[in-house]
Amino acid sequence: MNTEVLVDSSAKRTQAPAKPLFPFLDLKAQFRTIRSEVLGAMEAVMDSQHFILGPEVERLEKQLESFTGAKFAISCASGSDALLLALMALGVGRDDEVITTPFTFGATGGAIVRLGARPVFVDIDPRTYNIDPATVAKAITRKTKAIIPVHLFGLMSDMEAIMAVASQNRIPVVEDAAQSLGSTYQGRQAGTFGDAGCFSFFPSKNLGCAGDGGLLCSNREDLAKELRGLRVHGAPKKYHYEMIGINSRLDALQAAILRVKLPHLNKWSEARRENARHYRALFEKYDLLKAVQLPVEPEGYTHVYNQFSIRVKKRDALRNHLQRCGVPTEIYYPYPLHLEPAYGLLGHREGDMPVSEAACREVISLPIYPELTAEQLETVVSAIAAFYASSELKGE
Ligand SMILES: *Cc1c(COP(=O)(O)O)cnc(C)c1O
């Protein structure tokens with residue numbers, strides 16, 4: 001009887017999820033380094049009592065123009081709104097088709113459907129997880145009104161191939177760069193290749209504000225003008241409604257906070273890249289390169305690692321094991337959009353987009369934020385090594 005109790009309790013101890021040893025994303029660690037600057041900037045806005053758009057927002061937009069190299073930067077209320085506004089400015093509406101990837105956050109597809117248009121999902125590249133330009137070319141019809149490549153996890157899509165397909169067919173491109181501010185392809189910033197680029201300042205993005213915020217970039221003056229009108233009810237001049245718009249503006253408080261953080265962004269991205277290099281060395285050291293597919297950074301691209309996402313077999317068992325070890329992970333994304341109930345009308349079935357569906361079963365994201373220590377990275381990889389060592393012992 002005694003031994004039974006002992007066996008029972010020890011079994012329970014190994015099964016119960018442990019408290020995470022450190023957070024998946026530690027925003028407090030970053031805040032500690034800029035606390036007084038942020039609070040000072042917020043205080044100045046409070047003293048000004050100017051809360052919506054205004055000089056603080058204009059200064060931020062100028063700084064983002066020089067950061068991205070885009071001719072025009074237009075802030076708005078969220079990354080989701082940036083996508084919606086871009087499609088509105090391009091005149092996307094009922095019965096139009098917009099080509100995009102199903103391996104993305106819900107906002108990408110949602111913006112299309114909210115305008116009465118039809119998302120045409122196409123499959124992704126199995127190594128980069130980004131939209132496959134060859135599948136884009138095949139999906140173009142007379143109704144195609146836009147293409148939305150998503151620069152997932154911090155790595156840009158193959159914009160050369162996508163822009164070639166788009167310009168051959170005279171179809172505008174809207175980049176969903178919500179996860180990729182600062183990422184480059186052939187030396188050029190994310191969000192500056194297409195007709196419009198959309199960014200998010202959601203707190204978990206590489207440049208996050210203290211709530212919701214978003215940005216549009218464009219090199220087209222006509223689009224920039226349209227976007228500046230659309231975000232204020234379609235009235236670029238107060239009460240002069242030139243079009244039907246929405247209310248989607250950035251708050252001065254958010255702009256002030258972002259103005260404190262923007263000068264640190266390149267350093268933070270470099271710290272994420274350094275962590276990624278360290279992870280790669282550790283995966284090699286623990287002899288895991290066969291068990292784990294690491295993120296790729298093809299020649300000519302700069303990955304800014306909003307996520308460090310690896311691909312494995314037995315993903316869910318690995319995740320449970322890591323949870324028991326106190327190692328935090330996330331799944332981006334557990335389901336591809338084309339199989340979600342909200343897109344049921346499209347009539348897709350399992351198997352329609354096999355690469356995206358497999359990614360949803362096999363991809364798992366590890367902590368990668370700038371403030372992680374070398375010991376924490378080692379804790380993550382050694383816990384993964386322990387999982388594969390024990391499943392080999394069991395002959396799995
Ligand atoms: C975060 C995100 C969005 C939406 O941004 P919000 O600011 O949260 O509205 C859109 N697309 C992708 C790929 C994202 O990661």
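Reader: Does Leu64 count as buried or exposed, and at what relative accessibility?

Author: In this predicted model, Leu64 counts as buried, at 0% relative accessibility. Buried here means under 20% relative accessible area.

Reader: Where is the place of Leu64, and which residues does Leu64 touch?

Author: Leu64 belongs to helix 3, which covers residues 55-68. Leaving aside residues up to four places away in sequence, Leu64 touches Gly69, Ala73, Phe201, Leu215 and Leu262.

Reader: What distance separates the C-alpha atoms of Leu64 and Ser80?

Author: Those two C-alpha atoms are separated by 19 Å, and Leu64 and Ser80 are 16 residues apart along the chain.

Reader: Moving to helix 5, which of its residues are buried?

Author: Helix 5 spans residues 106-114, and Ala107, Thr108, Gly109, Ala111 and Ile112 are buried there.

Reader: What covers the buried residues of helix 5?

Author: The cover includes helix 4 (79-89) together with strand 2 (97-100), strand 3 (118-121), strand 4 (144-148) and strand 5 (174-176).

Reader: And which residue with a positive phi follows helix 5?

Author: That is Gly116, with a phi near 80°.

Reader: Which way do the residues of strand 12 point?

Author: Phe308, Ile310 and Val312 point one way, while Ser309 and Arg311 point the other way. All of these residues are buried. In general, side chains in a regular strand alternate between the two faces of the sheet.

Reader: Which strands is strand 12 joined to, and by how many bridges?

Author: Strand 10, residues 292-293, is joined to strand 12 by 2 bridges, and the two run antiparallel. Strand 13, residues 363-366, is joined to strand 12 by 4 bridges, and this pair also runs antiparallel.

Reader: Which residues stand opposite Val312 and Ser309?

Author: Val292 stands opposite Val312. Ser309 has Ser365 of strand 13 opposite.

Reader: Now salt bridges. How many does the count come to?

Author: The count comes to 17 salt bridges. As a general principle, side chains of opposite charge can pair when their charged atoms come close.

Reader: Which residue meets Asp195 in a salt bridge?

Author: Arg220 does, with an N to O distance of 2.7 Å. This pair links distant parts of the chain, 25 residues apart. Asp195 is in the loop between strand 7 (188-189) and strand 8 (196-200), whereas Arg220 is in the loop between strand 9 (214-218) and helix 8 (221-230).

Reader: What are the relative accessible areas of Asp195 and Arg220?

Author: Asp195 is buried, with a relative accessible area of 16%, which means that it falls under the 20% cut-off. Arg220 is partly exposed, at 31%.

Reader: With which other residue does the side chain of Arg220 meet in a salt bridge?

Author: The side chain of Arg220 also meets that of Asp222, at 2.8 Å from N to O. Asp222 is partly exposed, with a relative accessible area of 46%.

Reader: Which residue forms a salt bridge with Lys285?

Author: Glu378 does, and the closest N and O atoms are 2.8 Å apart. Lys285 lies in helix 10 (residues 265-285) and Glu378 in helix 13 (residues 374-393), so the pair links distant parts of the chain, 93 residues apart. Lys285 counts as exposed at 55% relative accessibility, whereas Glu378 is partly exposed at 25%.

Reader: Which residues are linked in a network of salt bridges?

Author: The network links Glu270, Arg273, Glu274, Arg277 and Glu297.

Reader: Finally, what domains does the domain assignment give?

Author: The assignment gives domain 1 (4-27 + 264-389) and domain 2 (30-261). Their C-alpha centres lie 27 Å apart.

Reader: How many residues of each domain are in contact, and what area do the domains bury?

Author: In domain 1, 39 residues are in contact with 47 residues of domain 2. Between them the domains bury about 3800 Å², with 59% of it on carbon and sulfur atoms. Leu265, Tyr301 and Tyr333 supply 18% of the area that domain 1 buries against domain 2, more than any other three residues.

Reader: How many salt bridges and polar contacts cross that interface?

Author: Across the interface of domain 1 and domain 2 there are 0 salt bridges, but 20 residue pairs are in polar contact.

Technical notes. Residues are numbered from 1 along each chain as its sequence is written. This is a predicted model: local features need pLDDT of at least 70, side-chain atom pairs count only at pLDDT 80 or more; totals for chains, interfaces and linings use all residues. Side-chain values use heavy atoms; hydrogens and water are left out. Buried means under 20% relative accessible area, exposed over 50%, partly exposed in between (1.4 Å probe, protein chains only). Two strands pair if DSSP finds at least two bridges between them. Contact means heavy atoms within 4.5 Å. A salt bridge is a side-chain nitrogen of Lys or Arg within 4 Å of a carboxyl oxygen of Asp or Glu. Domain bounds come from an automatic or database domain assignment. Buried area is the accessible area (1.4 Å probe) that two parts lose on being put together, summed over both. A polar contact is a pair of N or O atoms within 3.5 Å; within protein, one must be able to donate a hydrogen and the other to accept it, and residues adjacent in sequence count only if both atoms are side-chain atoms.
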